Amino acid sequence: MRPLTDEETKIFFEKLTKYIGENVRLLIDRPDGAYCFRLHRDRVFYISERLLKHAVSIDRDNLISIGTCFGKFTKTRKFRLHITALDYLAPYAQYKIWLKPTAEQQFVYGNHIMKSGLGRISESTAKYQGVVVYNMADVPLGFGVAAKATSECRHAEPMAIVCFHQADVGEYIRAEDTLVG
């Protein structure tokens, strides 16, 4: 487990900024203690510094996971967010999409969001902006990328895709063996 390099940090924070904007600093400067990001086997973990001090005594080969996995770097050095980061992204999300009850199941099964399933969308959401997806009861279901800006969504056809699927809570079941480890 090691700190991220400058290049890795830049790539990682650009991805986080796409979803939560300037609120990234709130993840590190928390009132309940100091937190940091560490890289282990191409995965980025969010961990308290107190827990990190205890993890140093564990052999690197025996360490599977520690803290919360935010995602992983691909072989081409791009960063892919995992659904495990949703609990930390949702409170700070700048742009949000709410789904109608009829569209929740389709999204949780890994499908894109159609205009017909869109309940609400944050004002001034730009095209290709990272969004957190909620149901109408404000429960976070996942995140994606807006396929259309807010103004375009108003005039879109019912079967037009308004949000590209990135990750959803259904992945805990569909990909449980690959999420951690």
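Mentor: Two residue pairs are in polar contact between domain 1 and domain 2, both at pLDDT 80 or more. That confidence value is there because this is a predicted model. Salt bridges between domain 1 and domain 2 number zero.

Now take the domain 1 side. Both α1 (6-20) and β6 (79-81) give at least two residues to the side that touches domain 2. By class, that side of domain 1 holds four nonpolar, two polar and two charged residues.

Next, the extent of the domains. The domain assignment places domain 1 at 2-88 and domain 2 at 95-175. Eight residues from domain 1 take part in the contact, with 17 residues from domain 2. Over C-alpha atoms, the centres of domain 1 and domain 2 lie 25 Å apart.

Then the area. About 1,000 Å² is buried between domain 1 and domain 2, and 62% of it is on carbon and sulfur atoms. On the domain 1 side, Tyr19, Ile83 and Leu86 supply 62% of the area buried against domain 2, more than any other three residues.

One residue deserves a separate look. Ser122 sits in the loop between β9 (118-121) and β10 (130-135). Ser122 counts as buried because its relative accessible area is 12%, under the 20% cut-off. The Ser122 side chain reaches the backbone nitrogen of Lys96 at 2.8 Å. Leaving out residues up to four places away in sequence, Ser122 touches Gln94, Tyr95, Lys96, Trp98 and Thr150.

Notes: Residues numbered from 1 in each chain as written. Predicted model: local features only at pLDDT ≥ 70, side-chain atom pairs only at ≥ 80, totals over all residues. Heavy atoms only, no water. Domains from an automatic or database assignment. Contact = heavy atoms within 4.5 Å. Buried area = accessible area lost by both parts, 1.4 Å probe. Salt bridge = Lys/Arg side-chain N within 4 Å of Asp/Glu carboxyl O. Polar contact = N/O pair within 3.5 Å; in protein donor to acceptor, adjacent residues only side chain to side chain. Helix = DSSP H or I, 4+ residues; strand = E, 2+ residues; numbered from the N terminus. Nonpolar A, V, L, I, M, F, W, Y, C, P; charged D, E, K, R; others polar. Buried < 20%, exposed > 50% of the residue type's maximum accessible area, 1.4 Å probe, protein only.
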